[in-house]
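Colleague: Thanks for sitting down with me. Could you walk me through this model, one question at a time?

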Amino acid sequence: MVGYDAAPERQKVSNDIVSERLSVGFRSGWFEFGPGGSVEYRHTKSDSSEFAPFNAIDFSYGLHGTMKTPFGLQIGTDLTMNSRRGYSQSGMNDNRLLWNARATYRLMNGKLLLILQARDILGKEKNLSYSVNGQGRTETRFQILPRYVMISAQFHIDFKPKRLKEHKK
């Protein structure tokens, strides 16, 4: 990333990032369950004397599960802890426990799917996000709708074309 300070000198900021994601699951005929997590390590530096290099880590871990009921209702949920450490601004070093849930039900021989979805049930997600720019400073950007409940429907239409009759010569 390249930026310019007050003088017309070019500043180069280097971001070295290493990340990994892991998910494990157990599935039976009517139930699915598993833990998962991710980690991202960031080393940010610059040759500029005004820039203080830093190391930061973002990590998350949690559980997810889905269950099918005998009468066709499918219920799913996930609970995830998202954490950040190593940033110079205290607002960026935080923990957010997110809980989402979803219920689906099929009607009309599977052609109609009704979905009830709830995001951030605990209300812990923030409606802002932090980033590191070319000069190593943090900026706040509003990017998300923190929590909601949504009902939706999907209808599956399947048209099969009629076979063309072979032309007799």
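Modeller: Gladly! Helices (H or I, at least four residues) and strands (E, at least two) are DSSP runs, numbered from the N terminus. This is a predicted model, where local features need pLDDT of at least 70, side-chain atom pairs count only at pLDDT 80 or more, and totals for chains, interfaces and linings use all residues. Residues are numbered from 1 along each chain as its sequence is written, and side-chain values use heavy atoms, with hydrogens and water left out.

Colleague: In which order do the elements of the chain run from the N terminus on?

Modeller: The chain has zero helices and eleven strands. From the N terminus on, the order is therefore β-β-β-β-β-β-β-β-β-β-β.

Colleague: Is threonine 44 buried or exposed, and which side chain does the side chain of threonine 44 contact?

Modeller: Threonine 44 sits in strand E4, residues 31-46. Buried means under 20% relative accessible area, exposed over 50%, and partly exposed in between (1.4 Å probe, protein chains only). Threonine 44 has 0% relative accessibility, so it counts as buried. Its side chain makes a polar contact (a pair of N or O atoms within 3.5 Å; within protein, one must be able to donate a hydrogen and the other to accept it, and residues adjacent in sequence count only if both atoms are side-chain atoms), at 2.6 Å, with the side chain of asparagine 15.

Colleague: What share of the chain do buried residues make up?

Modeller: The chain has 169 residues. The buried ones make up 22%.

Colleague: Why is the pair of tryptophan 30 and phenylalanine 31 called tilted?

Modeller: The structure holds four aromatic pairs. Rings of Phe, Tyr and Trp (its six-membered ring) pair if their centres lie within 6.5 Å; planes under 30 degrees apart count as stacked, over 60 as edge-to-face and the rest as tilted. The rings of tryptophan 30 and phenylalanine 31 have centres 5.5 Å apart and planes at 55°, so this pair is tilted.

Colleague: How many residues apart in sequence are the parts that phenylalanine 54 and tyrosine 87 tie together?

Modeller: These two also form a tilted aromatic pair, 6.1 Å centre to centre with 50° between the planes. Phenylalanine 54 is buried at 15% relative accessibility, and tyrosine 87 is buried at 9%. Phenylalanine 54 lies in strand E5 (residues 54-68) and tyrosine 87 in the loop between strand E6 (73-85) and strand E7 (95-107), so the separation in sequence is 33 residues.
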